[in-house]
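Welcome! Let us take a friendly walk through this protein, one region at a time.

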Amino acid sequence: NPLLVIDNVPNDFDGGISQSMLQPGAATGPLALIPPEDIQSIEIMKDAQATSLYGSRGANGVIVITTRRGNSPTPIIDINSSVFVNKAPQLRPTIGGNAERRYRINSILQNAIDEAHARNILGNGEPNINVQFLTDSLNSFYNNSTDWQGLFYQTTVNTNNNVQVSGGDIKMNYKANLSYQRNEGVIKNTGFNKYSLNTQLNMQPNKRWRIGAQLFGA
């Protein structure tokens, strides 16, 4: 995997276990924890350029991400919110319970002259009006069934919200970014809620001296 450098801080790409209780994946890596609204620029480095700046850690390439900074004499409040729907894929059509039982009974009757003939066939040629058409050992009520696909899949409504406050000039600027994302999976009991907070304070008294402080939590 490439090396991630977020605001001049190197991060391992597969940091899922150390950052959350989930396994490493697309939803738990450092890159996924940055709100898209907070990204100012993305730069890709590879080969000699990457290794000359970051050594052996950049052998597989480097992704440099710079987040937004304050650049306005008056504070700017930026709010973004979106709602999206996750739907399950096309599921297999199924029948069960009473519908399945009726289907099997009709299949028997289609191969018999009448009901008495059908019972004669099911009784191995011995006339017996008490021969059962079907023995529903797992469905004693004849009309109960479980929609197993419905137990696993669902349609979900999710949301993505981001609030950013920024301001300042080249000598001193600040930024605070708060993000919340709710993403429930189409398979029940999957998904995640993601919270992230990114604050920055940058000072540059002169061209040769620069001070920066950053707090990032997710």
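This is a predicted model: local features need pLDDT of at least 70, side-chain atom pairs count only at pLDDT 80 or more; totals for chains, interfaces and linings use all residues.

Is Y174 buried, partly exposed or exposed? Its relative accessible area is 31%, and because buried means under 20% and exposed means over 50%, Y174 counts as partly exposed.

**A nonpolar patch**

Which strands supply at least two residues each to the nonpolar patch? They are β7 (172–184), β8 (191–206) and β9 (209–217).

**The sheet behind the patch**

The strands β7, β8 and β9 belong to an open sheet of five strands, whose order is β5-β6-β7-β8-β9 and whose pairing is antiparallel. At the edges of this sheet are β5 (72–86) and β9, each of which pairs on one side only. From one strand to the next, the twist averages 5°. As a general point, strands of a sheet pair through backbone hydrogen bonds, and the pairing can be parallel or antiparallel.

How many bridges join β7 to β8? There are 13 bridges between these two strands, which run antiparallel.

**The whole chain**

Now let us step back and look at the protein overall. It contains five helices and nine strands. Read from the N terminus, the order of elements is β-β-α-β-α-β-β-α-α-α-β-β-β-β. The protein has 218 residues, and 27% of them count as buried. It exposes about 15200 Å², and carbon and sulfur atoms supply 55% of that area. Among the contacts with a separation of 6 or more, 56% are between residues 24 or more positions apart.

V5 lies in strand β1. Is V5 buried or exposed? With a relative accessible area of 1%, V5 is buried, because the cut-off for buried is under 20%. Which residues does V5 touch, leaving aside its neighbours within four places in sequence? V5 is in contact with P10, Y54, V62, I63, V64 and I65. V5 and E43 are 38 residues apart in sequence, and their C-alpha atoms are 9.7 Å apart in space.

**Two residues with positive phi**

Next come N8 and D47. N8 is found in the loop between β1 (3–6) and β2 (9–11), and D47 has its place in helix α2, which covers residues 47–54. Phi of N8 is near 70°, a positive value in a residue other than glycine. D47, also not a glycine, has a positive phi near 55°. Are N8 and D47 buried or exposed? N8 counts as exposed, because its relative accessibility of 66% is over the 50% cut-off. D47 counts as exposed too, with 55% relative accessibility.

| Residue | Relative accessible area | Class |
|---|---|---|
| V5 | 1% | V5: buried |
| Y174 | 31% | Y174: partly exposed |
| D47 | 55% | D47: exposed |
| N8 | 66% | N8: exposed |

Key:
Residues are numbered from 1 along each chain as its sequence is written. Side-chain values use heavy atoms; hydrogens and water are left out. Helices (H or I, at least four residues) and strands (E, at least two) are DSSP runs, numbered from the N terminus. Buried means under 20% relative accessible area, exposed over 50%, partly exposed in between (1.4 Å probe, protein chains only). Contact means heavy atoms within 4.5 Å. Accessible areas come from the Shrake-Rupley method with a 1.4 Å probe; for residues, only the protein chains shown count as cover. Two strands pair if DSSP finds at least two bridges between them. Axes are lines fitted to C-alpha atoms, for helices over the stretch in contact, and angles run from 0 to 180 degrees between N-to-C directions.
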